[in-house]
Amino acid sequence: MPLYRFLTPHRTGKWYPDLITAQRQAVAIGAGFFDERSGKFYPYRETRLEIDQSDFENDPQGIAA
């Protein structure tokens, strides 16, 4: 299950399980604007989306012992 977060040059957002939640919360770190009417997210300049694709359930090597 992928996790999503937004990064700005000065701040890093938390990881969220879905893109919509990450977009809505990105406003708090100044990563962009979320238009509630249209449901569109407008990232500000130098904002990056980071996606974590690691799957620890199927990869026993990824679990810390």
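Here is a short chat about a few residues in this predicted model.

Me: Hi! Where does threonine 8 sit?
Reply: Threonine 8 lies in the loop that runs between β1 (3-7) and α1 (19-26).

Me: Is threonine 8 buried or exposed?
Reply: Threonine 8 counts as buried, because its relative accessibility is 16% and the cut-off for buried is under 20%.

Me: Which residues does threonine 8 touch?
Reply: Leaving out residues up to four places away in sequence, threonine 8 touches Ile29, Gly30, Ala31, Glu46 and Thr47.

Me: New topic: how many aromatic pairs are there in the whole structure?
Reply: The search finds two aromatic pairs. One of them is phenylalanine 6 with phenylalanine 41, whose ring centres are 4.9 Å apart.

Me: Why is the pair of phenylalanine 6 and phenylalanine 41 called tilted?
Reply: Their planes meet at 45 degrees, so the pair is tilted; stacked would need under 30 degrees and edge-to-face over 60.

Me: And where in the chain are those two?
Reply: Phenylalanine 6 belongs to strand β1 and phenylalanine 41 to strand β3 (residues 40-43). They are 35 residues apart, so the pair links distant parts of the chain.

Me: Are they buried or exposed?
Reply: Phenylalanine 6 is buried, at 7% relative accessibility, and phenylalanine 41 is buried too, at 13%.

Me: Which residues form the stacked pair?
Reply: That is phenylalanine 33 and tyrosine 42, with 6.5 Å centre to centre and 25 degrees between the planes.

Me: What about the accessible area of phenylalanine 33 and tyrosine 42?
Reply: Phenylalanine 33 is partly exposed, with a relative accessible area of 42%, and tyrosine 42 is partly exposed at 39%.

Note on methods
Residues numbered from 1 in each chain as written. Predicted model: local features only at pLDDT ≥ 70, side-chain atom pairs only at ≥ 80, totals over all residues. Heavy atoms only, no water. Helix = DSSP H or I, 4+ residues; strand = E, 2+ residues; numbered from the N terminus. Buried < 20%, exposed > 50% of the residue type's maximum accessible area, 1.4 Å probe, protein only. Contact = heavy atoms within 4.5 Å. Phe/Tyr/Trp six-rings, centres within 6.5 Å; stacked < 30°, edge-to-face > 60°.
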